Amino acid sequence: MEEIRRVAVVNDLSGFGRCSLTVSIPILSAMGFQVCPVPTAVLSSHTGYPDPLIRDFSGDMEEYLSHWDRLGLTFACGYTGFLGDERQADVLEPFLRRLGEQGALRLVDPAMADHGKLYSSCSESLIPAMARLVSVASVATPNLTELCLLTGEDYRAVMADRDRRGRVEAMARRLLADGCGAVVVTGVGQGDRIDNCVISSVASAAEWVGGHRVEQNFAGTGDLFASVLCGWLLRGATLVEAVKRTVIFVRKTTAATAEMHVNGQDGIAF
């Protein structure tokens, strides 16, 4: 039998609302991988709902990963998402570097903001911590708000720029200059389209992949995108092909969920 490859997924566990680990675990399992979760925080629901219970896991993460070292575990990929605290980057950066030395994929989704502002549970000090993780990633998947925060650009100015694509490409190249291997900027909307900018250190030009937008917004779309993308990359797809396949899946499941009249905060019924 072929050995089932392991993916270490570092993200929060939200009891209600389809996002983070409750998205990544079933998606990557269905794609043929053993998911080994590392909770950054435990929440009764994601922060789009009012007043969730939040328990930070920062104090236990180092020992959690040290135990894996003592067990001699190896991973095909390390995939990080939401951090409960910026101190967690101090634990995760060397973990990702070790994975890189072993030839593993490192996918960093700097989940901290959307629609022009930080999540309510995130502080400004999280931005440089996320930037450090992005700098050691094989692939990073920021949305436009997160890209602006990581590069110090004004979100409203970028949204108002008539050459928005050119500006996004220039900002993404700054992440490449800091060490990131490739960047997929997700959810760049314009008119009735929503596109993703794909840019890497080995390609001379950016590619844009997307299509017509679904009018309703759903929580956890970034987690769904990053998880499916991770699976296709581990299955051997090129970056552009992986993004194309991911876009098709997200578009179909989003449209189907909208037809079911699911509350957007509840997430996509993938």
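**Salt bridges and a hairpin**

The side chains of Asp161 and Arg167 meet in a salt bridge, with 3.2 Å from N to O. This is a predicted model. The structure holds 13 salt bridges. Strands E10 and E11 form a hairpin.

**Around Arg167**

- Asp161 is partly exposed, at 23% relative accessibility.
- Arg167 also forms a salt bridge with Glu153. The closest N and O atoms of that pair are 3.2 Å apart.
- Arg167 lies in helix H7, residues 164-177. Glu153 sits in the loop between helix H5 (144-151) and helix H6 (155-160). The pair therefore ties together parts that are 14 residues apart in sequence.
- Arg167 has a relative accessible area of 24%, so this residue counts as partly exposed.
- Glu153 is partly exposed too, with a relative accessible area of 26%.

**Other salt bridges**

- Asp85 pairs with Arg87 in a salt bridge. Their closest N and O atoms are 2.8 Å apart.
- Asp85 has a relative accessible area of 18%. Buried means under 20%, so Asp85 is buried.
- A network of salt bridges links Asp90, Glu93, Arg97 and Arg132.

- Strand E10 covers residues 193-200, and strand E11 covers residues 207-212.
- The two strands run antiparallel. Six bridges join them.
- Six residues lie between E10 and E11 in the hairpin.
- Ile194 stands opposite Gly211, a residue of E11.

Terms used: Residues numbered from 1 in each chain as written. Predicted model: local features only at pLDDT ≥ 70, side-chain atom pairs only at ≥ 80, totals over all residues. Heavy atoms only, no water. Pairing = 2+ DSSP bridges. Helix = DSSP H or I, 4+ residues; strand = E, 2+ residues; numbered from the N terminus. Salt bridge = Lys/Arg side-chain N within 4 Å of Asp/Glu carboxyl O. Buried < 20%, exposed > 50% of the residue type's maximum accessible area, 1.4 Å probe, protein only.
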